[in-house]
Structure formats: structure tokens, C-alpha cells
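The following paragraphs lead through a structure, beginning with a single residue and ending with the relation between chains.

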2 protein chains.
Amino acid sequence: MRTQIAAPENFEAEVVIKAVDVTLEGFLESKKNVAEQSGMGHLLKLFAEFLADGKRIRPVLTVLGWQAAGGYEDSDSVVRVAAALEMFHAFALIHDDIMDESDIRRGRPTLHRALAEEEGPDRSEHFGVSAALLLGDLAFTWSDELLHTADLTPRQFRAVLPLVTEMRSEVMFGQYLDLRATGELTDDVDATMTVNRYKTAKYTVERPLHIGAALAGAGPEVMDAYSAYAIPLGEAFQLRDDLLGVYGDVGDTGKSRLDDLRAGKNTTLVALALRACDAARAARLRALIGDPNLEEAGAAEVRDVFAATGAREAVEHMIDDRYRQALQALDAAPFAAGATTALKHLARTATRRNS
Amino acid sequence: MRTQIAAPENFEAEVVIKAVDVTLEGFLESKKNVAEQSGMGHLLKLFAEFLADGKRIRPVLTVLGWQAAGGYEDSDSVVRVAAALEMFHAFALIHDDIMDESDIRRGRPTLHRALAEEEGPDRSEHFGVSAALLLGDLAFTWSDELLHTADLTPRQFRAVLPLVTEMRSEVMFGQYLDLRATGELTDDVDATMTVNRYKTAKYTVERPLHIGAALAGAGPEVMDAYSAYAIPLGEAFQLRDDLLGVYGDVGDTGKSRLDDLRAGKNTTLVALALRACDAARAARLRALIGDPNLEEAGAAEVRDVFAATGAREAVEHMIDDRYRQALQALDAAPFAAGATTALKHLARTATRRNS
């Protein structure tokens, strides 16, 4: 199948999403036989549903990064690399949910919960975790397979592989920083922004753009221009995510708005509130955030402190500042006008979204 | 550094092991700075110790597979690919230990236990599992990085990558079969041998030989000859492992000989015993195997049943048969005489080992 990706001035995310969906569905279809032989047919079905629900942010950025850097030929290869990033993200989310002990993702039970439940009461929770762990590992392997079979030229391969390695290492280092911080609340706002940078800004925005650009043969000037746009935008994206984790509607986000609080996520929002609190209120926040049994009443109390300390408003300001920085970076960037318009639009939706 | 790998008639596993060790140490050294920046310096140290303890079976087979298929130039690239397989194996073991809830590996606490303990009592067991899960994911990423930086020709790359993907997928499918079987004992000997084939015969023996051969540009005839040797040998290797899991000395194996029994590992040994038992004894075996609190007295009782049913002896016979098949396959193989000698020697040590 050859994909028709329009020129950058007519960039439509929907077209990319559709092409990536088709690629991923075809790939999973090719795994059906061997999965059924290993009694994994059911797992593959669950995984396909999980994968179908993704927002495809990274693939869209990959294709846009390729186009804005002048790419126009052989879009099938680019779409397949983009699909590899989405597959890698599925791996990352599955393992993330195990580490966070999350119950809900994308409006459904997380994979480790679903796998434990469907096996019936004779199977322990540990079975669900083990099967999900393994399914995540398979997704990692499949992400590599998609990449290796993207029919890249040796030159594209050499340009892309180091960036893929960087992207993977960065998100794992970020995850580890996050893991250590979780449950140990701090008012160190900078520390929370470091996690944000590794876990989100680089992983979700900068590296997909870089990978797309590398496929188009872009040089260091273009790469730097992407970084100048991507880092503030990615930070803003994560800050929005932090707010949605506490204020979002489960119908929009697909995640319970108690999960982050129960898990004791050490977000920038929390650090700002702790910094602005008196000792009594800080102690109360520390008691509520990280309590695995926190209910809506406790969450409402936390939200009151976020409002009273101005933490919520401060995060909104941080998002605005970064949104503006990203737009400014585009003004100076060596991209085609059409691509700049698409990147501006994307910056807006990434920071103003409610899901 | 250039490695001097002797011609196949003088093949010495020790030389390969040393070269792989140097490659892995250098690689981890290059990760030190970024790991310390993320507060992972301590994890990296633990991981380096873990990695240093490996037996390097897969790297030795990779280099031997390359030599026996006529490879002789640019052994540095081959050693780096071999090191990538060892790194991948570290990933597989770390995740395996999480799934099996094992306490000891290679004579030390498993990584998830060590990580939980060293963090002190305020950190839960879950922290140890999460950090180990992440460290395993990093090892997977690093295995790719070693492979991508092995300076392979485009032709070698194209030949090796599909085999690496196959190897990874096979071990994961095997792991899943094993996971499903664990705790649900069966007398289906064939089912246990299917797990054996995926988890060990293909992963540990066949694919490393194939990958080495692919680096030397080998054709299908050579690949088939390796399979004919590798599958029976790999099966025998796993059967030996099953025996060592129950009869081995922790001083030799580095593993408690209660772990497999406590975890309810559904080995061929267990299936043979269940098949030969009367109902009362079978019920007793099912009560003992899989009991997480099993002590040495219970294990001794299990061993008595393995002896009385002839299951232990039957496994020894299966090992012998497969050892002979592997040797016969070598007689018909198109390898240099020196390489055949080395492969024969390897077959002997893999099936007669006590660790």
C-alpha cells in the first residue's frame, strides 16, 4: 500500500493517523498465526485494542518533522518508522502502568489488570503483571522489527538509529527519575521539570521530530530548530497532562483523576503547592497525596490547596510561557511556511487539549 | 581494540569470553556519566556485577558459528554482536526473575530483591520490581545499541537483523508458554518439550549459531546444518538445567535448588514423574511442587518420587540421546574439521556440566 501524504501546506494529521493505523493493523495481522500457536491469540487481541486507542502524537510528529525538513519521497518508509515509534510507546505505557500500579488507561482496565481478571480467580494478580510485562517486551521487539523492515537506505539507517537509541535511553532515565521521586514528595520545582524534560519533552516531541528530520537528511541547523520548538512545547504538554491528571474528566482523558494523586506523583503542580504552603497545610498535602485509598473528598481537599496556593494558576502560566516560546522558535526556523503553520496548530492543540 | 580470535582448529572459548567482557565493560563505562546524572549510578554498578557473572554461552556460540561458517576477517564486529546477545540475555534474565519471583541468581540476590533491600525499609518490594523492570528495559535498549554500533556492512545488517528479531520473539513466546504452564502441573511431556524448544534450544543454541553464520555470509545449507546440531543440543542443555534446578549444588549453580520447585516449574522431569505416578503420589507431588513455602524436607520427598518413578533416569536418557543426535549432525555438516572439534567439545560440556 502506498500512502498519499499531502504537501506540508496541506498537512492533515488525520491522514497520517490513518496510514499508521493501517500499518500497525497489517503488522499485528502478520503475528496472528505464531501468537495463536503459543496460546497468545487472546493477548494479541487485547494488545491490538490497546494499540488502536493511541493518540498517535509521536507518529504525527515524525511525519511532520520529515516534511518540514524537506522530505517528500517514499512516505511509506516514513510511515513505518512512525508506526515503530507508536509501537515503542505501547511498550513504554504497558511497563509504566505496571510500575505505577495503575488500574485504568485509555478508558479501559490497564493490560496487567485485564490479563489478571480474564484468567479467572485461580490466577493471581502476579500472573497479570507477568503477562503484561512480557507483552510489553514483545511490543519493544516489534517496534524494532517495524524499524528494521522500513526499507530505509543505509544512509537513513545510520542517521536514524542513534536517535532511536537516544530516545529510548532518555525516556528510561526519565522513568527512573520519576520512579524515585514518586512517593517522596518534594517542593523542588526544578527537579520535577528535569523529569518532565526527559520523560516527555524529549521523548514525546523532540525525538520524533528529529527522527523524521533525519529521514529527510536534515543537518544540525534544522535539528537545533526542532529542539528550540520541541523542548518548551513538550514541557507545556506534560504540564497540561499534570493538570488533566487532577482536574480532567475521565470521559475525556480515559484515566481516573485519582490515580496520579493516589500514586503520589511528584508533579510540578504538587511541588509548586508544597513550596507555597505553610507547614500544617504541607503536612496535610503529604498525607493525602500518595494515599492509595484516597477518595474524591480527599482529592477535592487537595484541589482546594492547589487553588489557594496559586499552584494551579502558576502551572497555567508556565504552559502559556512555553507555548509562546515554541511559537517564537518557529519564527526563526528554516522551515517551509506550510510546515510552520502545521507546527503552530499542533502547539496549540497540545497545550489546550482536554484529553 | 582489535581482538585476536584464533583459527577454528585452535578455538578457545576463553579468548572469546575475554573479548566479550572487555567490550561489555567498555560499553558500560561509556554509560557511567549519564547514569550518574539520573541518579542511576548505583543501579549501573549492580547491573555491571550482574552482567560480569554470565557464562557467555551465546557469545561463544555466535563466534563459533561465524568461524565454522568460514568467517575470519573483522572479528571485532562479530565480538560486538556477540556482546549484544549477552546484553539481551541480561535483559531476559532480569525480567524472568521478576516473573518467577526468584530470590537468587548467580549466587547473589536477584536484581529486584537487591534493589528493594538496598533502598531501605521505607521502599517497598514494588520499588525493587519497578527499578529492575526498568533496568531490564535499558539492557534491551543497550543490546540494540551494541548491535547498531558493531560496524556491520549493509549486507551483514540485512542478514542478521531478521534473525535477531526471530530470536527475541521466540524466547518471548517460550516465556509465555512457560508462564502459563507454571503452577498448573501437567503430565504432558510434549508440551514441556515445546517450551524447552522455544525458550532454550532455539534461543540459547540455534539462533546464536545462525547469527554468527549470517555474519560470515552463510547460505541455507549451513543454516540447516546448525539447526540439526543445535536443536537436540539445546534441548539436552535445558533438560540438564531442569535436573540441576532440583539436584544441583547452590555453590555450583548459584541458584537455590528449592526455587524451581517452589515456583511450580512445569519441567519435563515433573511431567515424566506425574505420568508414571499413581493417583495418590500424583496428588502429593501437586501439593509439594508449587508450594511457595516448600522446605528441604518436602524437596527430598519430591526427589524420592523422581527416583522411584524413574523420571530422573529418563531425563538422563533423553539428554544422552540428544547429545548423540547433535554429534551425528556434525558428522554430516559442511564445517571445517577444526570447527567440528570445537562444536563437539561444546556439546559435551553443555550436557555434562554441573553449573
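A:Asp260 counts as buried because it has 25 C-beta neighbours inside 10 Å; a residue is buried if 20 or more other C-beta atoms lie within 10 Å of its own, exposed if 12 or fewer, and partly exposed in between, with C-beta atoms placed from the backbone. This is a predicted model, in which local features need pLDDT of at least 70 and side-chain atom pairs count only at pLDDT 80 or more, while totals for chains, interfaces and linings use all residues. Residues are numbered from 1 along each chain as its sequence is written, and chains are lettered from A and ligands numbered from 1 in the order in which they are written.

A:Asp260 belongs to helix α12 of chain A, residues 259–263. Helices (H or I, at least four residues) and strands (E, at least two) are DSSP runs, numbered from the N terminus. Apart from neighbours within four places in sequence, A:Asp260 is in contact with A:Gly245, A:Val246, A:Lys265 and A:Thr267, where contact requires that the C-beta atoms, placed from the backbone, lie within 7 Å. From A:Asp260 to A:Asp74 the separation is 186 residues in sequence and 42 Å in space, C-alpha to C-alpha.

Chain A is divided into domain 1 (12–52 + 75–150) and domain 2 (153–355), with bounds from an automatic or database domain assignment. Their C-alpha centres are 23 Å apart. To the contact between them, domain 1 of chain A supplies 15 residues and domain 2 of chain A supplies 14 residues. On the domain 1 side, the elements giving two or more residues are α5 (75–100) and β1 (104–105) of chain A, and α5(A) gives the most, with 7 residues. That side divides into 7 nonpolar, 2 polar and 6 charged residues. Here Ala, Val, Leu, Ile, Met, Phe, Trp, Tyr, Cys and Pro count as nonpolar, Asp, Glu, Lys and Arg as charged, and the others, Gly among them, as polar.

The contact between chains takes 31 residues from chain B and 31 residues from chain A. On chain B, the elements that give two or more residues to it are α5 (75–100), α7 (125–148) and α8 (154–181). The residues of this side comprise 16 nonpolar, 10 polar and 5 charged.

How is chain B laid on chain A? A turn of 180° and a shift of 0.0 Å along the axis does so with an RMSD of 0.0 Å, which is the relation of a two-fold axis. The same surface serves both copies, as 97% of the contact residues of chain B recur in chain A. Superposition is by least squares on the C-alpha atoms of residues with pLDDT of at least 70 in both copies. Of the residues of chain B, B:Pro154 comes closest to the rotation axis, at 3.3 Å (C-alpha).

Key
Contact = placed C-beta atoms within 7 Å.
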